Amino acid sequence: MVVILKPNAEKQQVTALLKAVESLGLKTNYSEGQETTVVGLVGDTTRVDIDALKANEIVEDVKRISEPYKKANRRFHPMDTIVQTGGVKIGEGFFQVIAGPCSIESEEQLCTIAQAVKKSGATLLRGGAFKPRTSPYSFQGLEMDGLKLLLEAKKLTGLPIVTEIMGQDQINDFADVDIIQVGARNMQNFRLLKALGQAVGRQKKPVLLKRGLANTIEEFLMSAEYIMAGGNENVILCERGIRTFETMVRNTLDISAIPLLKQQSHLPVIIDPSHAAGIAWMVKPLAKAAIAAGADGLMIEVHNDPKNALCDGAQSLTPAQFDELMQDVKRRASFEGKETA
Ligand code: PEP
Ligand code: MN
């Protein structure tokens, strides 16, 4: 980090500033030029409050030269992280497909879909028990009854399960969930992220963190950092489309997020083409693009009766459409040198 000082800063004030920074355990490198005087801060600058520094009357500007995320940063962890759960590995050479209904609606619906997606090659089952809906009048999910059905489907199929948490008060209820999903709307719920890092950290339960609707890559990685800083480094990043001016798709899938995230971080990156597209026919082309761009997996919504789905029917594939997609996905993933089981 570099602090640029205003011209004619008084020596006394400069000394006080250097002392304050050094008290944080950092080394300072003072360099007085003809026109500009700069102070280089050397060490772990994650705890430096840039705004407070900028508020100092002798400071002209402060520039970060390294990223504010450390644990999520590839610079300090060059090898890819592989997240493992229930015998399934995600990351590096391991490509996985997570599939299931947007929301769990009944035992019959969930078991039909779970068995179908397993048969087609999905390795993790996903279903929403608690749904974050824009309207309080929309179906909110079967909640605890939905969670019970999901655990039954896990027993029935042997597939590890993924489901979304809404708040930190639910952590104990999610004890038998294999991967806890943090949805786009909760990406910056810092209390929840901290709680997942700490409470679940002892078990190192994987967290699937979705990118917020309008969040930058840096903000996304800082949210992962919140979980990791608490001691849980099993984080899977999920790009699910961002808000843009385009209205013909539900969200715009940010394909560039894949190489960017993989360059900046060692964490596995998966793509959710269903919420990006919002339209079933577009899920397959986006899934293909994700594989080509280097994703470590996909999360896809499947429904046995999309027309009558209680949530996200328009973007849900039928089991037959999912099966067709899976044939293609397996071929392409193995062409990219990845294992899909
Ligand atoms: C979901 O995964 O069903 C969901 C609500 O997604 P997102 O948080 O990406 O909107
Ligand atoms: Mn959905």
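These legends describe close-up views of a predicted model of one protein chain with a ligand. Local features need pLDDT of at least 70, side-chain atom pairs count only at pLDDT 80 or more, and totals for chains, interfaces and linings use all residues. Residues are numbered from 1 along each chain as its sequence is written, and side-chain values use heavy atoms, with hydrogens and water left out.

**View 1. The whole chain.** The protein chain has 10 helices and 14 strands. These are DSSP runs numbered from the N terminus: helices are H or I with at least four residues, strands E with at least two. The C-alpha atoms fill a box of roughly 75 × 40 × 40 Å along the principal axes. Of the 341 residues, 53% are buried (under 20% relative accessible area, 1.4 Å probe, protein chains only). The accessible surface is about 16000 Å² (Shrake-Rupley method, 1.4 Å probe). Carbon and sulfur atoms account for 51% of that surface.

**View 2. The largest nonpolar core.** This core holds 68 residues. A nonpolar core is a set of buried Ala, Val, Leu, Ile, Met, Phe, Trp, Tyr and Cys residues joined through side-chain atoms within 4.5 Å. Leu-209, Leu-237, Leu-298, Phe-322 and Leu-325 touch the most other members. Helix α6 (residues 217–229) gives the most to this core, with six residues. A second, separate core has 16 residues, including Val-48, Ile-58, Val-59 and Val-62.

**View 3. Around Leu-298.** Contact means heavy atoms within 4.5 Å. Residues up to four places away in sequence are not counted here. Among the residues that Leu-298 touches are Phe-95, Val-97, Ile-98, Ile-270, Pro-273 and Val-329. Gln-96 is also touched by Leu-298.

**View 4. The shell around ligand 1.** Ligand 1 is surrounded by 13 residues (a heavy atom within 4 Å). The closest are Arg-126, Ala-184, Arg-185, Lys-210 and Arg-240. By class, the shell has seven charged, three polar and three nonpolar residues.

View 5. A polar contact is a pair of N or O atoms within 3.5 Å. A side-chain N or O atom of Arg-240 lies 2.6 Å from a ligand oxygen atom. For a backbone N or O atom of Ala-184, the distance to a ligand oxygen atom is 2.8 Å. Glu-301 places a side-chain N or O atom 3.5 Å from a ligand oxygen atom. Taken alone, ligand 1 exposes 290 Å², and the protein buries 97% of that.

**View 6. Gln-170 in its loop.** Gln-170 lies between β9 (161–165) and β10 (179–182). Gln-170 is buried, with a relative accessible area of 9%. Leaving aside neighbours within four places in sequence, Gln-170 is in contact with Phe-130 and Ile-165.

Conventions
Chains are lettered from A and ligands numbered from 1 in the order in which they are written. Buried means under 20% relative accessible area, exposed over 50%, partly exposed in between (1.4 Å probe, protein chains only). A polar contact is a pair of N or O atoms within 3.5 Å; within protein, one must be able to donate a hydrogen and the other to accept it, and residues adjacent in sequence count only if both atoms are side-chain atoms. Ala, Val, Leu, Ile, Met, Phe, Trp, Tyr, Cys and Pro count as nonpolar, Asp, Glu, Lys and Arg as charged, and the others, Gly among them, as polar.
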